[in-house]
Amino acid sequence: MQQVRAKKALGQHFLTDLSIAERIAGTVSEYKGLPVLEVGPGMGVLTQYLLAAGHDLKVVELDGESVNYLNVAFPQLAGRIIAADFLRLDLNEALGAGKQWVIIGNYPYNISSQIFFKVLDYKDQVTCCSGMLQREVAQRIAAGPGSKTYGILSVLLQAWYDIEYLFTVDENVFNPPPKVKSGVIKLVRNQVRDLGCDERLFKTVVKTSFGMRRKTLRNSLKSLFPSGSPELAASIFDRRPEQLGVAQFVELTRLLSQSRQ
């Protein structure tokens with residue numbers, strides 16, 4: 001069967017090491033009772049192990065050549081291949097509103113951050129999300145306060161998920177080899193159902209803070225506060241965003257809400 005041609009525009013790098021593929025598929029082994037959506041299956045290197053493990057699997061693939069390949073190579077996927085752009089997909093429609101799901105994939109490097117922002121939109125449905133992406137992005141998602149890579153995606157995801165960086169994958173196990181190393185991570189939904197502050201305002205505070213990460217929070221956030229707000233005198237505003245954990249960003253959001261009352 002003819003191989004699928006990797007397309008640079010789609011960020012495709014096909015994993016060729018089957019032992020690594022099996023290891024990645026195994027990161028969701030405890031979720032066999034939940035529907036699993038694989039993002040960007042390509043030629044099915046992960047798909048084969050997810051099917052063999054008995055998962056209730058659907059796959060979403062934008063590349064028409066890959067869709068044709070999957071239809072031939074995996075007839076058991078009939079009716080479960082979604083030919084669509086994951087970033088535009090209504091997951092409630094694809095997987096069932098009100099259900100819990102698992103998402104996995106060898107994520108295209110060029111949209112990996114966007115994929116995880118989309119996971120946030122469905123955080124009450126996505127019980128687990130794991131897979132492989134560019135190591136730099138994987139490290140950023142898993143980074144804690146004080147790290148140079150800690151940023152917007154770190155805070156927003158860690159508010160709702162327990163995150164673990166699992167292992168690094170070298171460039172030479174892909175066709176074509178990427179110019180960077182890859183990292184495999186796993187996100188598991190935590191017990192938080194309410195942050196205790198306005199969630200939209202929380203996102204604004206986090207994004208605005210890291211938009212000027214070299215400045216103190218007093219300087220980066222003052223534009224969000226009414227002029228002369230006494231809340232800005234709090235000592236937390238002397239710090240920089242990379243020094244704060246989720247709880248401190250919640251505190252900032254509460255102070256902002258208080259200043260607007």
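## Helices and the model

Helices here are DSSP runs of H or I with at least four residues, while strands are runs of E with at least two, and both are numbered from the N terminus. Serine 112 lies in one of these elements, helix α5, which covers residues 112-121. The structure is a predicted model, in which local features need pLDDT of at least 70 and side-chain atom pairs count only at pLDDT 80 or more, although totals for chains, interfaces and linings use all residues. Residues are numbered from 1 along each chain as its sequence is written, and side-chain values use heavy atoms, with hydrogens and water left out.

Serine 112 counts as buried because its relative accessible area is 1%, where buried means under 20% relative accessible area, exposed means over 50%, and partly exposed is in between, for a 1.4 Å probe and protein chains only. Leaving aside neighbours within four places in sequence, serine 112 is in contact with Leu133 and Val137, contact meaning heavy atoms within 4.5 Å.

## Helix α10 and its cover

Helix α10 takes in the 14 residues 246-259, and at 1.5 Å a residue it should span 20 Å, which agrees with the 20 Å between its end C-alpha atoms. The expected span used here is 1.5 Å times one less than the number of residues in the helix.

Within α10, the residues Phe249, Val250, Leu252, Thr253, Leu255, Leu256 and Ser259 are buried. What covers them includes three other helices, namely α7 (152-158), α8 (199-211) and α9 (217-221).

Valine 205 lies in helix α8, and it is buried because its relative accessible area is 1%. Apart from neighbours within four places in sequence, valine 205 is in contact with Leu221 and with Phe249, Leu252, Thr253 and Leu256.

Isoleucine 152 lies in helix α7, and with 25% relative accessibility it counts as partly exposed. Valine 205 and isoleucine 152 are 53 residues apart along the chain, and their C-alpha atoms are separated by 9.8 Å. Between isoleucine 152 and lysine 203 there are 51 residues in sequence and 8.6 Å in space, C-alpha to C-alpha. When neighbours within four places in sequence are set aside, isoleucine 152 is in contact with Phe117, Val206, Lys207 and Phe210.

Leucine 217 is found in helix α9, and it is buried because its relative accessible area is 0%. Not counting residues up to four places away in sequence, leucine 217 touches a set of residues that includes Ser209, Ile236, Phe237, Arg239, Leu244 and Leu252. Leucine 217 and phenylalanine 117 are 100 residues apart in sequence, and 24 Å lie between their C-alpha atoms.

Arginine 239 is found in the loop between α9 and α10, and it counts as partly exposed because its relative accessibility is 35%. Its contacts, leaving aside neighbours within four places in sequence, are Lys215, Thr216, Leu217, Leu244 and Gln248. Arginine 239 and leucine 255 are 16 residues apart in sequence and 15 Å apart in space, taken from C-alpha to C-alpha.

## Nonpolar cores

In soluble globular proteins, nonpolar side chains tend to be buried together. A nonpolar core is a set of buried Ala, Val, Leu, Ile, Met, Phe, Trp, Tyr and Cys residues joined through side-chain atoms within 4.5 Å. The largest such core in this model has 56 residues, and those with the most contacts inside it are Phe116, Ile141, Phe202 and Phe249. A second, separate core has 29 residues, among them Ala25, Leu51, Val102 and Val173.

## An enclosed cavity

A cavity is a set of points, on a 1 Å grid over the protein atoms alone, where a 1.4 Å probe fits but cannot get out, and its lining residues have an atom within 4 Å of a point. Grid points are joined across faces, edges and corners, and a volume is the space filled by probe spheres set on the points. By this rule there is 1 cavity of 30 Å³ or more, and the largest cavity holds about 50 Å³ of space.

The largest cavity is lined by Leu120, Lys123, Leu156, Trp160, Glu199, Phe202 and Lys203, and α8 gives the most to this lining, with 3 residues.

Methods:
On a 1 Å grid over the protein atoms alone, a cavity is a set of points where a 1.4 Å probe fits but cannot get out, and a pocket is an open set with protein on both sides within 12 Å along at least five of seven lines; lining residues have an atom within 4 Å of a point.
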